[in-house]
Amino acid sequence: MEPVTPMEPKLSTRIPFGEEWIGQVKWDGVRVLTYCDGTTVRLFNRRRHERTRQYPELTGIKSYCTATSVILDGEVIALGSDGKPSFHRVMKRDGISRLERVKQLQRTIPVIYMIFDVLYFNGDWIKERPLRDRMEILAQIIIPDGQRQTVTSHSDGTALFTAVKQQNMEGIVMKRLDSPYILGTKKDYWLKIKNYHDLVAVIGGFTMSGSRANSLLLGLYDDKGCLHYVGRAGTGKLSQEDWLHLTERLRQLQIPAQPFIKGLKERPSVYWVKPWLTVKVQHLGWTEGYFLRQPSIQGVVDIPPQECRLEWKESGLEGCIY
């Protein structure tokens, strides 16, 4: 089976209502599709990068799925000390570079696979069938356990979003029950409504405190491929060990001139780097000067820099000329 690019929800600020809509919690984790052709099981993320070795506990598909061949879609999450999904913790599993440590991390950072769709079932593609049919099939073939579960659906999206806000979780996804699964697209059949803002930004520079980096200068690309500075972040989920490891990587990428199109004031304490590394950042919106409000680093991610784009309408930058 060749990996496919999954369907994704469109961002919305409106919660639709009606019998044709259901709501699901938007789990803050890593999108993973499971492919089983009857003999082998492989896992791929939404970018079609293989993750089979990162999550070996999910490859024993016969223990939780009765289908002979199948493609499942879901989110891999890891819980924090507060019992809520922790993006920082799951990235320690997903971004592991020394695969010999996987067994150890299986014990210290267990994951849960939250399954919400099925694209292929017993030799047939079913992505053209409506969501309600795919959900029925999913309910019939998945045997939930502590590490593999099906995502619960709710008829009242507003009540679900209120509950998510009370728990300070990421948000919800509203889906039409008659929606097909359209590969590689964002369609308004699925709408994501976020409780807080997040994005993936490019690291263009850093500052130091002693022997390690202590803040990152962040940027996003416009449609012309120009990198715009959007703020600096030094708080968040990175541990001291994470900062030391990141510092080593950043030092290898140092360059003499800044990569941002709009020049920042040169400071001796700032070190510029090739814009190759990316981080997930949580924030509270945009300032009038078009910088991120209170950005907080959630983790280093495996997303190409050129995919870190300015969302003009969301940021208020539409029509802004630098």
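N122 counts as partly exposed, because its relative accessibility is 35%, between the cut-offs of 20% and 50%. The model is predicted. N122 sits in the loop that joins β6 (112-121) to β7 (124-125). Its phi is near 50°, a positive value in a residue other than glycine. N168 also has a positive phi, near 55°, and is likewise a residue other than glycine. The loop that holds N168 runs between α4 (157-166) and β9 (171-176).

The structure contains 20 salt bridges. One of them joins the side chains of K280 and D28, with an N to O distance of 2.6 Å. K280 belongs to strand β16 (residues 278-283), whereas D28 lies in the loop between β2 (21-25) and β3 (30-36), so the pair ties together parts that are 252 residues apart in sequence. Both K280 and D28 are buried. The two residues also belong to a network of salt bridges that links D28, K194, D198 and K280.

Two further pairs involve residues with some exposure. The side chains of E100 and R98 form a salt bridge at 3.1 Å, N to O. E100 is exposed, because its relative accessible area of 59% is over the 50% cut-off. R129 and D133 are paired through their side chains in another salt bridge, at 3.9 Å, N to O. This distance falls within the 4 Å limit for a salt bridge. R129 has a relative accessible area of 39% and is therefore partly exposed.

The second largest pocket has a volume of about 830 Å³. Its lining comprises 26 residues. M91, G95, I96, D242 and H245 lie nearest the pocket centre. By class, the lining of the second largest pocket holds eleven nonpolar, nine charged and six polar residues.

Definitions and conventions:
Residues numbered from 1 in each chain as written. Predicted model: local features only at pLDDT ≥ 70, side-chain atom pairs only at ≥ 80, totals over all residues. Heavy atoms only, no water. Helix = DSSP H or I, 4+ residues; strand = E, 2+ residues; numbered from the N terminus. Buried < 20%, exposed > 50% of the residue type's maximum accessible area, 1.4 Å probe, protein only. 1 Å grid on protein atoms, 1.4 Å probe; cavity = no way out; pocket = protein on both sides within 12 Å on 5 of 7 lines; lining within 4 Å. Points joined across faces, edges and corners; volume = space filled by probe spheres on them. Nonpolar A, V, L, I, M, F, W, Y, C, P; charged D, E, K, R; others polar.
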